[in-house]
Amino acid sequence: MTSSRMSLPAWQALKQQQGALAGTHLRRLLEEDPARFQRFSLGWGGILLDYSKQLVTGETMRLLAALARGCEIEAWVRRMFSAERINTTENRAALHVALRASAPVAFEGTDVTREAAAVLAEMRHFVNAVRAGRTRGATGRAITDVVNIGIGGSDLGPRLACEALKPYAKALPRLHFVSNVDGAAISSVLDEVPPATTLFVIASKTFTTAETLANARTAKAWLEKKLRGKAAAARHLAAVTAEPARAVEFGVPRERVFRVWDWVGGRYSLWSAVGLPVALAVGMERFDELRAGARAMDQHFARTPLERNLPVVLGLLGIWNVNFLGAATRAVLPYDERLRRLPAYLQQLEMESCGKRVTRDGATVDYATAPVTWGSAGTDGQHAYFQLLHQGSATVPADFIACCRPHHRLRRHHDALLASFFAQSEALARGMTAEEAAADMRAQGLRDEEIRRLLPHRVFDGNRPTTSILLDELNPRTLGALIALYEHKVFVESVIWNVNAFDQWGVELGKSLAGRILPELEADAPVSGHDASTSGLIHHFKTRRKRR
């Protein structure tokens, strides 16, 4: 068994560093060092990463880099890029980087980049035909709407990218997404799209995902009814899967089945044929630019010294906040409407990857791993939960993300947006002292008695750590780089926590139990074999659903 990370000299030194900084306030760090922004920010490829409002010093960062080296981060990066089977519990490689690589990547004697290129060529032919109106449905009309049916990584990444890159999309085809097995989700989309001109893309690596297949069967039955026959319905289906035979058996034409591989994890699969909806929305050239941005970040991650490596620094800050400052949650706050789905995407990427309680070799960890990731579009959040960020009893580190140049021409709107972006991180760092709060109320004309009464409510402790990420603009290349930045940040954290970032056994348990319960809901016989609570809930449901 591997010894605990807590026994490493750098970890122990960081514990001492935590104690040394216990009485240090971000306000003082910012005021005493006029060059702090220059010393604690990194610029690369149209992305600025500013961590000067994190509760760190130069010594903190030196020790964090030493911890990363003590955990052999550089060797692990080489192992991932060289196609070793680092997903040990499933005996698989983690080769999402090969999907966007420009040089050959050999996996057990096969150049997987050639396989990826072949699928991309198939995608290019199909995408160009759909977007040009050459691909037609059963009635001879061109495709106007595309519905992506998937869940998890087959939904979150494409949905994020389609939303973020909407300024680059044509009016047609219109993109729709269905992930939830709740019938309300598929029903609302079917009520909206025309059957004669709608294409359904069924995305499931195994082509056994229960939620996806339930929605796909409903969509197929709807097509067969509306278009009068299985052959007609088939002309409106495509699939993305590692099991082509299952897709063909389902009724998808073989030439419209696009392959993925078991060495690509779902939450890392946007760069594969899982990104087909993105390519249909913005075109293959833009999809290639998305991949190119990720590839550039891959090269930066693989080649840049730790101290100036954006994913490494971002990951080390996560380790510092979780394991040494005790943060249990982390907020992601995009100040860009097009990135409003980024927090949901990162929830899966981060919590499914690092939400583990055992190390790679099966030992129980004795330190915290992934924090809860949450958030929403920034200005909306200001009027919802920012009260907790500023004055709550728990400190919540946050990533603030914005773009310098918007796609719209409403400059005053963008200036107002960025004013909030800058003000919120400043307020979280500096806070407001009792003296400042009293002076502010006095300037408003409040009497001393009223000031004394309100003062406890108007004080802000500050010292709340944030990272600011500024993109020059949100385009396919910078979006690809941003997503890859977080992919590699999560890998850095997984190496230091010594967990496997590429499996998700916790997801599988719930799936297997649901598969057992579903037949019980469909049968009239009493349920058995569950705990009293679950049996009681099932009985209550089966009784009440019969009543109007």
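Select T209 and S204: their side chains make a polar contact of 2.9 Å. A polar contact is a pair of N or O atoms within 3.5 Å; within protein, one must be able to donate a hydrogen and the other to accept it, and residues adjacent in sequence count only if both atoms are side-chain atoms. This is a predicted model, in which local features need pLDDT of at least 70 and side-chain atom pairs count only at pLDDT 80 or more, while totals for chains, interfaces and linings use all residues. Residues are numbered from 1 along each chain as its sequence is written, and side-chain values use heavy atoms, leaving out hydrogens and water.

T209 sits in the loop between β7 and α9. Helices (H or I, at least four residues) and strands (E, at least two) are DSSP runs, numbered from the N terminus. T209 counts as buried because its relative accessibility is 16%; buried means under 20% relative accessible area, exposed over 50%, and partly exposed in between (1.4 Å probe, protein chains only). Leaving aside neighbours within four places in sequence, T209 is in contact (heavy atoms within 4.5 Å) with I151 and S204.

Stay in this loop and select F207, which also lies between β7 and α9. Its phi is near 55°, a positive value in a residue other than glycine. Is F207 buried or exposed? F207 is buried, with a relative accessible area of 4%.

**The sheet beside the loop**

Now colour the strands in the order β6-β5-β7-β8-β9: they form an open sheet of 5 strands with parallel pairing. Two strands pair if DSSP finds at least two bridges between them. β6 (174-178) and β9 (257-259) stand at the edges with a single partner strand each, so one side of each has no neighbour in the sheet. From one strand to the next, the twist averages 20°. Axes here are lines fitted to C-alpha atoms, for helices over the stretch in contact, and angles run from 0 to 180 degrees between N-to-C directions.

Zoom in on β7 (residues 198-203) and β8 (residues 237-241), which run parallel and are joined by 4 bridges. To see one of the paired positions, select V201 and its bridge partner in β8, A238. Next, show helix α9 (residues 210-227), which packs on the sheet and touches β5 (145-149), β6, β7 and β8. The direction of α9 makes about 155° with that of β7. Helix α6 (residues 112-131) lies across β7, β8 and β9, running at about 150° to β9.

Two backbone details are worth a stop. Select R228, in the loop between α9 and α10 (230-234). R228 has a positive phi of about 65° although it is not a glycine, and it is exposed, with a relative accessible area of 79%. Then go to P173, in the loop between α7 (156-164) and β6: the peptide bond from L172 to P173 is cis, with omega near 0°.

Move to strand β12 (residues 398-405), where 6 of the 8 residues are buried. Strand β10 (residues 329-334) runs parallel to β12 and is joined to it by 4 bridges; P334 stands opposite I401 in β12. Strand β13 (residues 466-473) is also parallel to β12, with 7 bridges between them. There, D399 has T467 in β13 as its bridge partner.

Select helix α18 (residues 411-430) next. Its buried residues are H414, L417, L418, S420, F421, Q424, S425, L428 and A429. They cover an arc of only 155° around the axis, which puts them on the same side of α18; the arc is that of the directions from the helix axis to the C-beta atoms. These buried residues pack against α2 (26-32), α16 (378-382), α17 (386-391), β12 and β13. Just after α18, G431 takes a positive phi of about 70°.

**Last stop: S494**

Finish in helix α21 (residues 476-497), where S494 is found. S494 is buried, with a relative accessible area of 1%. Its side chain reaches the backbone oxygen of F491 at 2.7 Å. Apart from neighbours within four places in sequence, S494 is in contact with C354, R360, V499 and A501.
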